[in-house]
Amino acid sequence: MIFDTITLQCFIAVAETGSFTRAAERVGRTQSAISQQMTKLVSLLGKPLFVKGRQFGLTPEGEIFLGYARQIFALHREALDRFTTPELEGEVRFGLPENFASVYLSEVLADFSRIHPRILLNIECDLTLNLFDRFKKKKFDLVLVKMNRPEDFPNGLDVWSEPLKWVGDPILINRKKPVPLVLSPHPCVYRASAIKALEKAGRPWRLVFSSPSYAGTVAAVKAGMGISVMPHTMIPPELQAVDASLLPKLADTHVSLLKHRADNPAINTLEEFVLKRLKH
């Protein structure tokens, strides 16, 4: 029995996104190719991995195999990175939004530090516009930034784009009352996008909870305090996207990586590592 890494990558993407369509977008393949890979994997294991029915999910066997798949794929990536990149040393100052650190990058940065133990990472989380301001003052070597339009940071290296979604309990949305909002403080890009969309549609709103923390925002929405805005792939399983007909459409969010000192091998290596992991 042999597991190829492409099949494992597809399975992990399906399990984490809860959708063959979104998994296909993540790994850069067609939905039919993902379906074929999953059929092949189920046949190879001889066990059902997915719950059949209207609600997508993993079977108990699927949950167990997911743990093995992540370990195997992580070791595969680590081996490639370790033996295709010479040992480096130096210091890299990296700034990124807190929600990205929570959802995407904690494992990525831990893997990078393990592979390149002589590179010292100094990481700070902040709102995008604060990060950009400090980046211009040379406080960071690399920053990951969110934007409403790709041209907002013309020198940035595009990482990905995805739709923003309203998130929360739809029972809180009443056309006769202001929309209760759970948002990060100014100058948050998501906050600006939410307020702009509501005001353009003539919908009144009120801020009921403000926190720069992704965990705090999730907790407030989960408690039924109000409606928030999140990228589609950052919506946690315990929350739901609001039906598109209830609130005005939000602009897509775009993510870019900005870099200083293109001649620094440690900075370039971290840039390549982050891009490779985020784009897959």
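**Entry 1: conventions and the sheet**

I take two strands as paired if DSSP finds at least two bridges between them. Helices (H or I, at least four residues) and strands (E, at least two) are DSSP runs, numbered from the N terminus. I note that this is a predicted model, in which local features need pLDDT of at least 70 and side-chain atom pairs count only at pLDDT 80 or more, while totals for chains, interfaces and linings use all residues. Residues are numbered from 1 along each chain as its sequence is written, and side-chain values use heavy atoms, with hydrogens and water left out.

I looked up the link between strand S1 (residues 90-96) and strand S3 (residues 142-147): the two run parallel and are joined by two bridges. Phe-94 has Leu-142 in S3 as its bridge partner.

I then traced the whole sheet, which is open, has five strands in the order S2-S1-S3-S9-S4, and is mixed in its pairing. Strand S2 (119-125) and strand S4 (157-162) each have a single partner strand, so one side of each is left without a neighbour in the sheet. From one strand to the next, the twist averages 15°. For axes I use lines fitted to C-alpha atoms, for helices over the stretch in contact, with angles from 0 to 180 degrees between N-to-C directions.

Which helix lies across S1, S2, S3, S4 and S9? I find helix H5 (residues 98-115) there, running at about 175° to S2.

**Entry 2: helix H1**

I looked up the span of helix H1 (residues 5-17): its 13 residues reach 18 Å from the first C-alpha to the last, close to the 18 Å expected at 1.5 Å a residue. The expected span is 1.5 Å times one less than the number of residues.

Asp-4 caps the N-terminal end of H1, with a side-chain oxygen 3.2 Å from the backbone nitrogen of Ile-6. I count a polar contact as a pair of N or O atoms within 3.5 Å; within protein, one must be able to donate a hydrogen and the other to accept it, and residues adjacent in sequence count only if both atoms are side-chain atoms. After H1 comes Gly-18, with a positive phi near 70°.

Among the buried residues of H1 I list Leu-8, Phe-11, Ile-12 and Val-14. Buried means under 20% relative accessible area, exposed over 50%, and partly exposed in between (1.4 Å probe, protein chains only).

**Entry 3: packing on helix H3**

Two packed helices are described by the angle between their axes and the distance between the axes. H1 and H3 pack at an angle of about 105°, with axes 9 Å apart. That makes H1 roughly perpendicular to H3, a class I assign at 65 to 115 degrees; under 35 counts as roughly parallel, over 145 as roughly antiparallel and the rest as oblique.

For contact I require heavy atoms within 4.5 Å. Ile-6, Thr-7, Cys-10, Phe-11 and Val-14 of H1 meet Ile-34, Gln-37, Met-38, Lys-40 and Leu-41 of H3.

I also looked up helix H2 (residues 20-27) against helix H3 (residues 31-45): the axes come within 8 Å and cross at roughly 105°. H2 and H3 are therefore roughly perpendicular to each other. On the H2 side, Phe-20, Thr-21, Ala-23, Ala-24 and Val-27 meet Gln-31, Ile-34, Ser-35 and Met-38 in H3.

**Entry 4: loop residues**

Is Thr-59 buried or exposed? I find Thr-59 buried, with a relative accessible area of 10%, in the loop between H3 and helix H4 (60-84). Its side chain reaches the backbone oxygen of Pro-48 at 2.6 Å. Leaving aside neighbours within four places in sequence, Thr-59 is in contact with Pro-48, Leu-49, Phe-50 and Val-51.

Asn-264 sits in the loop between S9 and helix H9 (265-278) and counts as buried at 12% relative accessibility. The side chain of Asn-264 reaches the backbone nitrogen of Ile-267 at 3.1 Å.

Ala-241, in the loop between strand S8 (228-231) and S9, counts as partly exposed at 39% relative accessibility. Not counting residues up to four places away in sequence, Ala-241 touches Lys-165, Trp-166, Val-167 and Ile-235.

**Entry 5: backbone exceptions**

Most residues other than glycine have a negative phi, and most peptide bonds are trans. I noted Lys-138, whose phi is positive, near 65°, in the loop between helix H6 (128-136) and S3. I also noted a cis peptide bond between His-186 and Pro-187, with omega about 10°. Pro-187 lies in the loop between strand S6 (179-183) and H7.
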